[in-house]
Amino acid sequence: MRKFRKFLLLFSISFTLSLLASYAWYSNRPPRNTLKVTTHIEYYDIHGNTPMELTAAMKKEAATSNDGHKYFGVTNWNLNYRTTLAEIDGLHFIDKADIALDIIYHLPNRITSEGEDLYAQEWNRFYTALYDHEKVHATIAETHAKELYDAFLSRKDFSNKEEVRLFRIQTANKYFENIRANNRQYDKETNQGETQGARLRSL
């Protein structure tokens with residue numbers, strides 16, 4: 001009887017350790033599906049000490065947006081995806097989705113000379129408002145990238161691989177257009193950020 005109890009105790013300890021090891025492996029294993037968002041800023045240099053000088057410099061040096069126009073601040077985005085298909089019991093679906101969203105801010109960098117800068121406070125106010133405006137553009141893109149990620153994995157009932165591929169293309173195009181449309185609407189509502197303070201004022 002004592003040997004049997006000892007056997008049960010050793011078995012329980014061994015089983016518990018095995019479960020802990022399995023849980024540790026499961027917790028640390030690479031995720032099957034990923035959504036990666038990266039952001040970085042690219043600056044363009046400008047000079048000036050008055051609203052007129054700075055505005056002229058930004059119009060000349062500003063980056064071009066995805067829509068082909070120049071703006072004082074620009075948020076471009078690149079959304080790429082890769083999927084793996086699977087089949088279970090004759091039903092096809094997207095088994096794995098990797099989505100990468102790259103956000104690139106293009107913002108002005110004011111170069112100043114040594115000495116007192118009477119326009120520093122106003123410039124800092126303008127730049128903060130402009131950057132805050134651009135960050136909402138990034139949020140719009142990230143929101144729809146997450147929705148695309150969820151949509152890819154939402155259906156498990158396609159009859160063949162071609163149906164899955166068509167679904168993938170149509171779904172991606174839908175969310176790409178959602179990003180573009182919502183960014184256009186946001187700029188229209190804020191007048192490219194001017195209603196949020198992204199406009200230089202005279203002292």
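Modeller: Start with burial: buried means under 20% relative accessible area, exposed over 50%, and partly exposed in between, with a 1.4 Å probe and protein chains only. This is a predicted model, where local features need pLDDT of at least 70, side-chain atom pairs count only at pLDDT 80 or more, and totals for chains, interfaces and linings use all residues. Residues are numbered from 1 along each chain as its sequence is written, and side-chain values use heavy atoms, with hydrogens and water left out.

Colleague: Why is His137 called buried?

Modeller: His137 has a relative accessible area of 7%, and the limit for buried is under 20%, so His137 is buried. His137 is found in helix H3. Leaving out residues up to four places away in sequence, His137 touches Thr75, Asn183, Tyr186 and Asp187, where contact means heavy atoms within 4.5 Å.

Colleague: What makes Lys161 partly exposed?

Modeller: The relative accessible area of Lys161 is 44%. Buried needs under 20% and exposed needs over 50%, so Lys161 is partly exposed. Lys161 has its place in helix H4. Apart from neighbours within four places in sequence, Lys161 is in contact with Leu85 and His92. Lys161 and His92 are 69 residues apart in sequence, and 6.2 Å apart in space from C-alpha to C-alpha.

Colleague: Is Ile94 buried or exposed?

Modeller: Ile94 is buried, because its relative accessible area is 1%. Ile94 is found in strand S3. Beyond four places in sequence, the contacts of Ile94 include Phe152, Val164 and Phe167.

Colleague: What makes S2 and S3 a pair?

Modeller: Two strands pair if DSSP finds at least two bridges between them. Here 15 bridges join S2 to S3, and the strands run antiparallel. In S3, Ile103 is the bridge partner of Trp77. The hairpin of S2 and S3 has 2 residues between the strands, and Asp89 takes a positive phi near 55 degrees there.

Colleague: What is meant by the largest nonpolar core, and which residues have the most contacts inside it?

Modeller: A nonpolar core is a set of buried Ala, Val, Leu, Ile, Met, Phe, Trp, Tyr and Cys residues joined through side-chain atoms within 4.5 Å. The largest has 37 residues, and those with the most contacts inside it are Leu79, Trp123 and Leu148. H3 supplies the largest share of this core, 12 residues. Trp123 touches Ile46, Leu54 and Met58, among others beyond four places in sequence.

Colleague: Which residues lie nearest the centre of the largest pocket?

Modeller: They are Tyr71, Gly73, His137, Asp187 and Gln192, from a lining of 29 residues. On a 1 Å grid over the protein atoms alone, a cavity is a set of points where a 1.4 Å probe fits but cannot get out; a pocket is an open set with protein on both sides within 12 Å along at least five of seven lines, and lining residues have an atom within 4 Å of a point. The largest share of the lining, 5 residues, comes from H3.

Definitions and conventions:
Helices (H or I, at least four residues) and strands (E, at least two) are DSSP runs, numbered from the N terminus.
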